[in-house]
Amino acid sequence: MSAGPPYEVLAVRYATRRSTRGELFHRHEAHGEPDAEQVIDYYLWVLRGGGGTVLVDTGYDPPAGMRRGRTCLCPPVDALARLGVEPASVSQVLVTHFHYDHIGNLDAFPGAAIVVPERELAFWTGPYGGRGLFAKDVEPGEVARVQEAHRLGRARTIDGTAEVAPGVTSITAGGHSPGQQVVVVETARGPVVLASDAAHFTEEWERDRPFAVVADLEAMYRGYDLLRRLARQPGAVVVPGHDPDVMTRFPDVGGDAAGLAVRVA
Ligand SMILES: [Zn+2]
């Protein structure tokens, strides 16, 4: 990682859903633990620094979330407005994977460069992305939009470990989705590791509890090892992609976005 401008990192919770542990964890019954209610929250992340504003994912398009029974707390674009993020100020959107709750609303940022994982683009436009259980988690129109942006040169692809902006490094982890990314951001407090869906919940990497939606279980476990390694860096903090505890671990941003976002760094 090169020394870039330290970023301010916000986690924005735009939706929520009540579910159960049996539904959310892969083969939950195999752990011999009782089923219980489990809330799953939906986030996107804002990086503000000397290099401009970078969005890590763009949330879901509200109708796509509603069709799946998710409760939208604030449409992502409105949530960003409440945080003072104007669409024109977003220089870059980094897409961690192509699931519907991470790549909606891309049209709202016409001036932003789009960075997408090469393996995600290949998989979701390839022969298996449209099959049964895989297809459930994406919106074909949104995948086609990224494909078109790539064709027009507006979206570029990354693979492996790539510095996508000064001080922002994206790492291909796979597991949950074939090209799932983990994003490491340099901040004044130390590295902030945005796990996105490499770990929806902290207990995934702390207790080795794979998530229910899994494209490659071996890669998912390897992703947990990666998060553990990154967590050991001095001052590091790992932020899971869907865990309600993110909203209580970090201070609320207050102001117009009170209750909607927390300041990770
Ligand atoms: Zn996902």
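Trainee: On what basis are residues numbered and features counted here, and which atoms are used for side-chain values?
Mentor: This is a predicted model, in which local features need pLDDT of at least 70 and side-chain atom pairs count only at pLDDT 80 or more, while totals for chains, interfaces and linings use all residues. Residues are numbered from 1 along each chain as its sequence is written, and side-chain values use heavy atoms, with hydrogens and water left out.

Trainee: What is the strand order of the open sheet of 5 strands?
Mentor: Strands (E, at least two residues) and helices (H or I, at least four residues) are DSSP runs numbered from the N terminus, and two strands pair if DSSP finds at least two bridges between them. The edge strands, each pairing on one side only, are β8 (161-165) and β12 (237-240). With mixed pairing, the order is β8-β9-β10-β11-β12.

Trainee: By how many degrees are neighbouring strands of this sheet turned against each other on average?
Mentor: Axes are lines fitted to C-alpha atoms, for helices over the stretch in contact, and angles run from 0 to 180 degrees between N-to-C directions. For neighbouring strands of this sheet, with direction ignored, the average turn is 25°.

Trainee: Is G190 buried or exposed?
Mentor: Buried means under 20% relative accessible area, exposed over 50%, and partly exposed in between (1.4 Å probe, protein chains only). Not counting residues up to four places away in sequence, G190 touches V185 and G235, where contact means heavy atoms within 4.5 Å. Because the relative accessible area of G190 is 14%, this residue is buried.

Trainee: Which helix lies across β9, β10, β11 and β12?
Mentor: The helix in question spans residues 217-231 and runs at about 10° to β10.

Trainee: Which residues touch the most other members of the largest nonpolar core?
Mentor: A nonpolar core is a set of buried Ala, Val, Leu, Ile, Met, Phe, Trp, Tyr and Cys residues joined through side-chain atoms within 4.5 Å. A second, separate core of 26 residues includes L47, V183, V246 and V264. In the largest core, which has 58 residues, those touching the most other members are V12, V46, L83, V93, F98, V182 and L227.

Trainee: Which residues coordinate the zinc ion?
Mentor: Donors are N, O and S atoms within 2.8 Å of the metal (3.2 Å for Na, K and Ca), and water is not among the atoms, so the site may look incomplete. Along the chain the donors follow the spacing H-x1-H-x76-H-x20-D. At 2.2 to 2.4 Å, the coordinating residues are H97 (NE2), H99 (ND1), H176 (NE2) and D197 (OD).

Trainee: Why does the arrangement of the 4 donor atoms have the class it has?
Mentor: Four donors count as tetrahedral if all angles lie between 85 and 135 degrees; four count as square planar and six as octahedral if opposite donors are over 155 degrees apart and all others between 65 and 115; anything else is irregular. Because the 4 donor atoms around the zinc ion subtend angles of 82 to 170°, the arrangement is irregular.

Trainee: How many residues apart are H99 and H176?
Mentor: Both H99 and H176 are buried. H99 lies in the loop between β5 (90-94) and α4 (100-103), and H176 in the loop between β9 and β10, so that this pair links distant parts of the chain, with a separation of 77 residues.

Trainee: What is the phi of D57, and of S196?
Mentor: Most residues other than glycine have a negative phi. D57, in the loop between β3 (52-56) and α2 (62-67), is buried at 0% relative accessibility, and S196, in strand β11, is likewise buried at 0%. Neither is a glycine, yet phi is positive in both, at about 70° for D57 and about 45° for S196.

Trainee: Which residues is R156 in contact with?
Mentor: R156 is in strand β7 (residues 155-158) and counts as partly exposed at 39% relative accessibility. Leaving aside neighbours within four places in sequence, its contacts are Q92, I114, V115, V116 and V164.
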